[in-house]
Amino acid sequence: MYILIMLVAAAVLVDFILRKVLDIPRSKFWGKFVYESLALGRWDKYVTIAFVLFLVLDMIFMFVEPYIVSCLFLVAAILLKGIDEWKYKQETKEYITSFVQMGFFLTAFVLLTSGIV
C-alpha cells in the first residue's frame with residue numbers, strides 16, 4: 001500500500017514539475033475536459049458507459065477485482081484525452097502531462113495485478 005501512496009505522490013510531484021518547466025497553466029481539479037474531436041468525445045462517452053456497465057456486472061458476478069476495472073478505465077480515459085491534446089492542442093504541450101499520468105496509472109495497474117502491492 002505504501003508503494004501506491006509513493007506512486008501517487010511521485011505522479012503529483014512530476015506533474016507539478018512538468019507544468020513549471022513547460023510553463024503549462026494549472027487546470028481545474030474537477031473540470032470537465034472538452035474534446036476538440038467529436039469522435040474522441042463520443043469514444044469517451046462509450047468508454048464511460050462500458051466502464052459503468054462492466055463495474056456493475058463485476059460487482060454482481062465478481063469476474064475481476066474492481067480496482068483492475070478502475071485502473072483500466074483511468075488509463076483509457078487519460079489516453080483519449082492525451083490523444084486529443086496531442087492532435088489538436090500541440091502548442092499547449094498539455095499532452096505531455098497526460099501521457100506521464102497515464103504512465104503512472106499503467107505502472108500502478110501492473111503493480112496491483114502482479115501482486116507486488
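Reply: Read along the sequence, the pattern here is α-α-α-α, with four helices and zero strands (helices are DSSP runs of H or I of at least four residues, strands are E runs of at least two, and both are numbered from the N terminus). Keep in mind that this is a predicted model, where local features need pLDDT of at least 70, side-chain atom pairs count only at pLDDT 80 or more, and totals for chains, interfaces and linings use all residues. Residues are numbered from 1 along each chain as its sequence is written, and side-chain values use heavy atoms, with hydrogens and water left out.

First, the setting. The C-alpha trace spans about 45 × 35 × 20 Å along its principal axes. Of the 117 residues, 32% count as buried (buried is under 20% relative accessible area, exposed is over 50%, partly exposed is in between, with a 1.4 Å probe and protein chains only). Take the contacts between residues at least 6 apart in sequence: 66% of them join residues at least 24 apart (a contact means heavy atoms within 4.5 Å).

Now for α4 itself. The helix has 21 residues and reaches 31 Å from its first C-alpha to its last, close to the 30 Å expected at 1.5 Å a residue (the expected span is 1.5 Å times one less than the number of residues). Its buried residues are Glu94, Tyr95, Thr97, Ser98, Met102, Phe104, Ala108, Phe109, Leu111 and Leu112. What covers them includes α1 and α3.

Glu94 is worth a stop. This residue lies in α4 and counts as buried because its relative accessibility is 12%. Leaving aside neighbours within four places in sequence, Glu94 is in contact with Arg19, Ile24, Pro25 and Glu85.

Thr107 and Cys71 are 36 residues apart in sequence, yet their C-alpha atoms are 9.8 Å apart in space. Just after the helix, Gly115 takes a positive phi of about 90°.

On to the α1 side of the packing. The 20 residues of α1 (residues 2-21) should span 28 Å at 1.5 Å a residue, and the end C-alpha atoms are 28 Å apart, so the two agree. Asp23, which follows α1, has a positive phi near 55°.

What about the remaining neighbour? Helix α3 (66-88) is part of the cover over the buried residues of α4, and what covers the buried residues of α2 includes α3 too. In α2 (residues 38-61), the buried set is Leu40, Gly41, Asp44, Val47, Phe51, Leu55 and Asp58.
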